[in-house]
Amino acid sequence: MNPSEFIHPEDAAALRQLESIPGFPALVKKFYALGYEKLFYGENMASNIRLSPTQLPELYRHLPPICAKMGIKEPEFYLEMNPMPNAWTFGDTQIFVTMTSGLVELLSDDELDAVIAHECGHILCRHVLYHNMATMLINNLESFGILGKLALPVQLALLYWERKSELSCDRAGAIITSPETVSRVMVRLAGGPKNITETVNIEEWAEQAEKYEAIRNDGVWNKALQAYAIMAQSHPFAAVRVREILRWGRTEQYQNIMKGLSAVKHDQCPHCNNTIDPSWQFCRHCGQKLQ
């Protein structure tokens, strides 16, 4: 998978604007100098359960086929005991993905694949460093004093880009699963578990995004109010994300990507038939010897 084939145009445009901000390169260097990455990596390592072929393999098995299809190195993969459904990717020199127990309990296997593919999409699109910077600024802006006030425009620019980058990674999730599966994930996160939301009409829900746009574009004042409502958020509104991914799923661009992927021959484990990397000595899905 090549990110240039699916990246959302608003993501690309927002990133260009972000990188044109005066002083932004210096802020990136400052971020590295703080040691924030190693701090959070250590906390995650000490607190959560690292998944592997021998540690909760039924959860770990979701990751290798997705990474193989995307053509990325596997990140470390963790489970956090937290009833709130969530997943995130962190790190630059040592990247890891963490998902919560609440997410695992909420989603079916294919929906979980969509979320993991979304997180791996951040890695493929090289979003992770700037996402981490946005998180750091949100959590620590006050501690910077006067520099924190000067960094506020950078924070808002990062958040604006971060919202757009989520649309690109929804596309990554749709490539690995389908636009409908990504939409079902949004339904679960917005409305609750399958026993409550199974019969949600996704197209009807996506129409709510059209009504939202009508409100947002109803004059300068309403546009300003809606901009204020979302300016501090890291993700777009759920109905907007559903509308975007369903629209993209009907495009020639999506269809061509899927045709291209289906034409690619992937090595398969002779024991479990899952996708494998030719360099593996043992299958990371079933543990059987390959070479």
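User: Let's start with Leu56. At what relative accessibility does it sit, and what does Leu56 count as?

Analyst: Leu56 has 27% relative accessibility, so it counts as partly exposed. The idea is simple: under 20% is buried, over 50% is exposed, and partly exposed is in between. Keep in mind that this is a predicted model.

User: Okay, and where is Leu56 found?

Analyst: Look at the loop between β1 (49-50) and α4 (57-60); Leu56 is in there. There's a backbone feature to spot too: Leu56 is not a glycine, yet its phi is positive, about 50°.

User: Which phi does Arg126 have?

Analyst: Arg126 has a positive phi of about 60°, and it isn't a glycine either. You'll find Arg126 in the loop between α7 (109-124) and α8 (128-140).

User: Is Arg126 buried or exposed?

Analyst: Use the cut-off again: Arg126 has 75% relative accessibility, so it counts as exposed.

User: Now Asn48. Is Asn48 buried or exposed?

Analyst: Asn48 has a relative accessible area of 13%, so it is buried. Asn48 lies in the loop between α3 (36-47) and β1.

User: What does the side chain of Asn48 make a polar contact with?

Analyst: For a polar contact, look for a pair of N or O atoms within 3.5 Å. Here the side chain of Asn48 pairs up with the side chain of Asn44, at 2.8 Å.

User: And which residues is Asn48 in contact with, leaving aside neighbours within four places in sequence?

Analyst: With those neighbours set aside, Asn48 is in contact with Tyr78, Leu79, Glu80 and Thr98.

Terms used: Residues numbered from 1 in each chain as written. Predicted model: local features only at pLDDT ≥ 70, side-chain atom pairs only at ≥ 80, totals over all residues. Heavy atoms only, no water. Helix = DSSP H or I, 4+ residues; strand = E, 2+ residues; numbered from the N terminus. Buried < 20%, exposed > 50% of the residue type's maximum accessible area, 1.4 Å probe, protein only. Polar contact = N/O pair within 3.5 Å; in protein donor to acceptor, adjacent residues only side chain to side chain. Contact = heavy atoms within 4.5 Å.
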